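Subject: Structure handover

Hi,

Here is the structure I promised you. Please open it alongside this note, which covers what turned up.

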Amino acid sequence: MQDVEEEFVDRPDQFEKLLSDAEKPLYDGCPNNYTKLSAIVRLYNLKAANGWSDKSFSDLLVAISDMLPQPNELYTSMYQVKKTMSSLGMGYEKIHACRNDCVLYRKEYKDLECCHVCGVSRWKLEKNKDTNKKSVPTKVIWYIPPILRFRRLFRNDTHAKNLTWHATGRIKDGMLRHPADAPQWKTIDILYLEFGKDSRNLRLGLAADGMNPHSNQSTSYSTWPIILVNYNLPPHLCMKRKFVMLKMLISGPKQPGNDIDVFLPPLVEDLKLLWEEGVECFDGYRNETFNLRATLLWTINDFPVYGNLSGYSVKGYKACPICGNDTCSKRLKHGKKICYMGHRRFLPQAHQFRKQRKNFNGRPEHEKASQPLTGVQILESVSDLHVEFGKGKGNISVDGTWKKNQFSLICHTGKTYMCIIILM
């Protein structure tokens, strides 16, 4: 209860109720010191671990309540449990979105009834009627703010100690065992000394991909989870289910594609706050308060999603994000597909494969490997690009490569820079 007390400064009555539930026994004479709150938390953990549906969980609560001595304090519906768990910092935000992925109905757009871009109604139409049913939005995203979760992790002394493992417990012998051994991690520490000197500052990865939530795979429906991975933790913990954090769920039925930028601003705003200013956080291991900051090191995705997030066109004659306009590609005359044959240029100059003809395209390879684009080159490429998000807008890419300029992923190594530039 000490972990959540500061979150109820403006809601003392709600905190008093929560405190009462934490002290009230489940029933008179209850063994094992189970209280109303601890019993609900224990059962809810079992529900999450075993994937029970809300309906089955509600039925289970009713059955257990009937089995226990009367009267008892056990909740009998999932609705009551959700209200309690939300007050413990396990809530989420439901944000309405345009059906055509044009805009999120938040901030200055939160009171709109129709999309200001495409004019489509915010609400679903009632069956067999021409009127809109305002209680049912056409599209919804679920957003779980990360800052509260980070604060909760640091309040636990065991987790707070593990979050500095990369600095205190890692073997440093030049071998690549952990992302902290990677050049990207070290470059951030060198470029931003104030950030790098505190080992508690978080290094995150962002994973995104589509999934079909229905058991019937013939149903065409795409839901997109957005997940944050915390790399401060040891390797045996950072990919555990307990520490992989679902931060956003974008509903279907169609994949967001290039319009994924429309849904990311809530998460981007929190990440920018953590990077630029930081938030006050209590360290349960060192028993002190500090300013917590975080950076997003990279994204985890397949090649098509890489194109959606970065804005680079991963199809066609210039599909290689490293080579760009120098991509070696050829359209097959009979197969009518594009193939990429210039991979030998990345081999050492004296490699035997460079001289072979018969096993490849009939010619030796003398070209040098292309250098990755710098941040300046990318910004020059997208500076004149005008983007309108939404299905059916038909945005035109620049030279067949860049499709948008809202979120440009800029790579840095050595003399170039390595960070994510957010243009909004």
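A search of the whole structure turns up 14 salt bridges. Keep in mind that this is a predicted model.

**Aspartate 101 and lysine 139**

Aspartate 101 and lysine 139 form a salt bridge, with 2.7 Å between the closest N and O atoms. Aspartate 101 sits in the loop between β1 (93-96) and β2 (123-125), and lysine 139 in the loop between β3 (132-137) and β4 (140-143), so the pair ties together parts that are 38 residues apart in sequence. Are these two residues buried or exposed? Both aspartate 101 and lysine 139 are buried.

**Arginine 177 and aspartate 173**

Arginine 177 forms a salt bridge with aspartate 173. The closest N and O atoms are 2.7 Å apart. Arginine 177 has a relative accessible area of 47%, so it counts as partly exposed. Aspartate 173 is partly exposed too, at 42% relative accessibility.

**Arginine 200 and glutamate 288**

The side chains of arginine 200 and glutamate 288 also meet in a salt bridge, at 2.9 Å from N to O. This pair links distant parts of the chain. Arginine 200 is in the loop between α10 (193-196) and β5 (202-208), while glutamate 288 is in strand β9, 88 residues apart. Arginine 200 is buried, with a relative accessible area of 6%. Glutamate 288 is partly exposed, at 33% relative accessibility. Which residues share in the network here? Salt bridges with shared partners join Asp198, Arg200, Asp283, Arg286 and Glu288 into one network.

**The β8-β9 hairpin**

Strand β8 (residues 279-283) pairs with strand β9 (residues 288-292). The pairing is antiparallel and runs over five bridges. The two strands form a hairpin, with four residues between them. In the turn, asparagine 287 has a positive phi of about 60°. Cysteine 281 has phenylalanine 290 in β9 as its bridge partner. Cysteine 281 is buried, at 3% relative accessibility.

**Cysteines**

How many disulfides are there? The count comes to zero. Cysteine 98 is in no disulfide: the nearest cysteine sulfur belongs to cysteine 118 and is 3.6 Å away. Cysteine 98 is buried, at 1% relative accessibility.

Best wishes

Notes:
Residues are numbered from 1 along each chain as its sequence is written. This is a predicted model: local features need pLDDT of at least 70, side-chain atom pairs count only at pLDDT 80 or more; totals for chains, interfaces and linings use all residues. Side-chain values use heavy atoms; hydrogens and water are left out. Two strands pair if DSSP finds at least two bridges between them. A salt bridge is a side-chain nitrogen of Lys or Arg within 4 Å of a carboxyl oxygen of Asp or Glu. Buried means under 20% relative accessible area, exposed over 50%, partly exposed in between (1.4 Å probe, protein chains only). A disulfide is a pair of cysteine sulfur atoms within 2.5 Å.
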